[in-house]
Amino acid sequence: MRIVSAGQMRSIDSNAINHFGIPGSILMENAALAVVREIKIILLKDEKKSLRGLRAVILAGKGNNGGDGLAVARHLCVLGMEVTVFLFANPAELQGDAKLNYELFQKMGEKIIPVEDEKQLRLFKLALMQSQVAVDALYGIGFKGEIPESLAGFIEDLNKADLPVVCVDIPSGLEADTGKVHRIAVQGDVTVTFGLPKLGHFLGEGLIYTGRLVIDQISIPEKVIGEEKIFAYLLTDEVIRPLIPARHTLGHKGTHGRAVLIGGSLGMSGAVILAGKSALRCGAGLLQIVTPEAVAETVDLGVIEATVWPAKDYEMLSVNAWPVIQERLQGADACAVGPGLRQTESFLNVIKNILIETDVPVVLDADALNLISREPDVLSLRKGRGNLILTPHPGEMARICGCSIDEVQENRLKIALAKALEWGTIVVLKGAGSVVASPDGRVFLNPTGNAGLGTGGTGDVLTGSIMSWIAQGVPPLGAACMGVYLHGKAGDVLKDQFGLSGFTASEVADCLPRVRKEIEQLGDF
């Protein structure tokens, strides 16, 4: 699914109106009808019933978003609802289609209350108590910054009210390009967005405030949308399903992918065990693990299906491990380096050797990334091959980039994409709403996952998963997308079972086959 910035959506709207010839009033009318359809779904459990006699309160701003809200108000009145519009604008300032819809609604004789001071806030509280639904049409996708103090009280009361809130295009107070919220935003139960979804619906706090997202193309032709250069995409079941590798009936362990996992250290054997379990749960045919002598037996017992190769190091891997690693990489389909590794300075030379002397697709995670942060230019050794994947969390990304964690979190999409282009690598920036950025300029946003995944070891599970999919023949970019999507989906299954705390990384790994199977079966019906 394609996702656009606010500027891209404005360009699409402009082309639809000015070049294709669709009047803006028709687009606004279609937008209003899309919102009304969702209100019917919310309020009418029985299709035979009507909206007659029910009440709605609508917050309308001065721009086109407010015009959409006024058009919604008119259609709800036609359906028999009692509608009160709180207008956060001077009627004389309304222009174009917003002015037209204001005048049409005014002719219907319904309630329009211009908001001037706190007297209207008291009326708004009363309207909320008497209504069955509220519509947020204050600000659209052009909003940036903080909600004005004069509006904050209205939004606070709206968020506290015990009634469903439908947001028009985007929740007011949520930035369309970043998903940032400064102080306060409308908490939507449903957001009906127009044309295409916006970046802010999925970045930052977007998933929290958007609620259930409904997308309506409002009659904008595909030809118009296709003329826009779109670089961002949303991962969905439909995107992931074609990537899942099929098992040939005559296949065997040697044809189902050979993976080499490098990591572990004294006291941190669990990380490499989790990554190994995840790789096997995702279907790798053969897994070899290179780890220090001190933990080799522990790892062997932890992942009994793998072959464990002790390196010529006791507690932590160093440059001495290269001969063993070099031998294991012969014939390998994929490699992952980092889980539980720790930072032996000389091991950076091993990473360089892997990147220079082999063409095996590589996933770098954890302390492999921390070592890279000492010499970021090492990443250029694989530039142009498209088979190097970095999986940093925000702290690791900040160290590699030489910036603060706050800077990374404030600009997740921008930084991930910029660095993917600079380094010529695939970047998986982990965290809420993981971002997969490709060196070809595309970026993929992941909507799955939850706060329950914020527990030790889940990053190692992701690393093993991505490595496994590559080993089975999935292209590296597809493997990265599959890894984050299925990892998050497994977390969502466990959340439904246990809530947002209490499930472990091991359980996430164990759940991966289940969510993969569910997606595989989508096409069977």
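**Notebook: a first look at the chain**

I began with overall size: for 525 residues, a compact globule would have a radius of gyration near 24 Å, and the protein chain comes out at 27 Å, which agrees. I am keeping in mind that this is a predicted model. Along its principal axes, the C-alpha trace spans about 85 × 45 × 45 Å.

I found 20 helices and 18 strands in the protein chain. Buried residues account for 57% of the 525 residues. I also checked contacts with a separation of 6 or more, and 73% of them join residues 24 or more positions apart.

Then I turned to a pair of helices. How are helix 10 and helix 20 oriented to each other? Helix 10 (residues 269-281) packs against helix 20 (residues 505-520) at an angle of about 10°, and their axes are 9 Å apart. Angles under 35 degrees count as roughly parallel, so I can call helix 10 and helix 20 roughly parallel to each other. On the helix 10 side I noted L274, S278 and R281, which meet residues of helix 20 including A505, L512 and R516. I sorted the residues of this contact into five nonpolar, two polar and three charged.

My last stop was S434, in the loop between strand 16 (426-429) and strand 17 (435-437). Is S434 buried or exposed? Its relative accessible area is 10%, and buried means under 20%, so S434 is buried. A polar atom of the S434 side chain lies 3.2 Å from the backbone oxygen of G431. Further along the sequence, S434 touches residues including R412, F444 and V484.

Conventions
Residues numbered from 1 in each chain as written. Predicted model: local features only at pLDDT ≥ 70, side-chain atom pairs only at ≥ 80, totals over all residues. Heavy atoms only, no water. Helix = DSSP H or I, 4+ residues; strand = E, 2+ residues; numbered from the N terminus. Buried < 20%, exposed > 50% of the residue type's maximum accessible area, 1.4 Å probe, protein only. Polar contact = N/O pair within 3.5 Å; in protein donor to acceptor, adjacent residues only side chain to side chain. Contact = heavy atoms within 4.5 Å. Axes fitted to C-alpha atoms, helices over the stretch in contact; angles between N-to-C directions. Parallel < 35°, antiparallel > 145°, perpendicular 65-115°, else oblique. Nonpolar A, V, L, I, M, F, W, Y, C, P; charged D, E, K, R; others polar. Rg over C-alpha atoms; globule rule 2.2 N^0.38 Å. Lists of a residue's contacts leave out its neighbours within four places in sequence.
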